[in-house]
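Open the structure in your viewer and keep the sequence beside it. The tour goes from one selection to the next.

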Amino acid sequence: MNVEEYIDHVTPATRQRDARTLLELMQRVTGQQPELHGTIIGFGSYHYRYESGREGDAAAAGFAPRKGATTIYLMDGVEKYADELAALGPHRTGVGCLYLTDLDAIDLTILESIIGRSYALLTSGVYGSRAHEGTND
């Protein structure tokens with residue numbers, strides 16, 4: 001299944017609409033084409049390494065349109081975006097996730113800035129960990 005086919009099957013309708021908006025926004029911000037990784041739509045990649053020595057590659061920007069909320073993945077963590085998140089609009093956060101239930105209720109300019117900053121850091125070649133391991137500024 002390709003990304004467009006996957007989005008065609010997303011429910012509810014709000015999540016599908018938001019997925020189409022994020023698809024365009026993330027393509028513009030990252031300059032990358034989307035790739036489907038299971039139920040995650042990813043853009044670009046970065047290499048990470050745990051302190052244990054385990055390492056791998058992950059999408060540098062991505063989202064997953066889930067039934068309850070759309071998850072935006074910020075693999076460098078959400079803490080550094082606290083000021084922007086305070087002005088974003090209704091949302092919830094996890095260590096490396098931003099949960100949105102309706103893109104019409106948030107400031108898309110702020111969201112675009114957050115995604116752009118995160119993507120730039122992750123693809124700069126100097127970021128090597130993942131959100132749950134703390135910051136690597």
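Select Asp107 to begin: this residue sits in the loop between β8 (97–100) and α4. Helices (H or I, at least four residues) and strands (E, at least two) are DSSP runs, numbered from the N terminus. The model is predicted, so local features need pLDDT of at least 70 and side-chain atom pairs pLDDT 80 or more, while totals for chains, interfaces and linings use all residues. Residues are numbered from 1 along each chain as its sequence is written, and side-chain values use heavy atoms, with hydrogens and water left out.

Asp107 touches both, leaving aside residues up to four places away in sequence; contact means heavy atoms within 4.5 Å. Between the C-alpha atoms of Asp107 and Leu88 the separation is 5.3 Å, although they are 19 residues apart along the chain.

Next, select helix α2 (residues 13–30) and helix α4 (residues 108–122), whose axes come within 10 Å and cross at roughly 45°. Axes are lines fitted to C-alpha atoms, for helices over the stretch in contact, and angles run from 0 to 180 degrees between N-to-C directions. In α2, the residues that meet α4 include Leu22 and Met26; in α4, those that meet α2 include Leu111 and Ile115.

Last, select Tyr46 and Tyr48. Both are buried.

How values were computed
Buried < 20%, exposed > 50% of the residue type's maximum accessible area, 1.4 Å probe, protein only.
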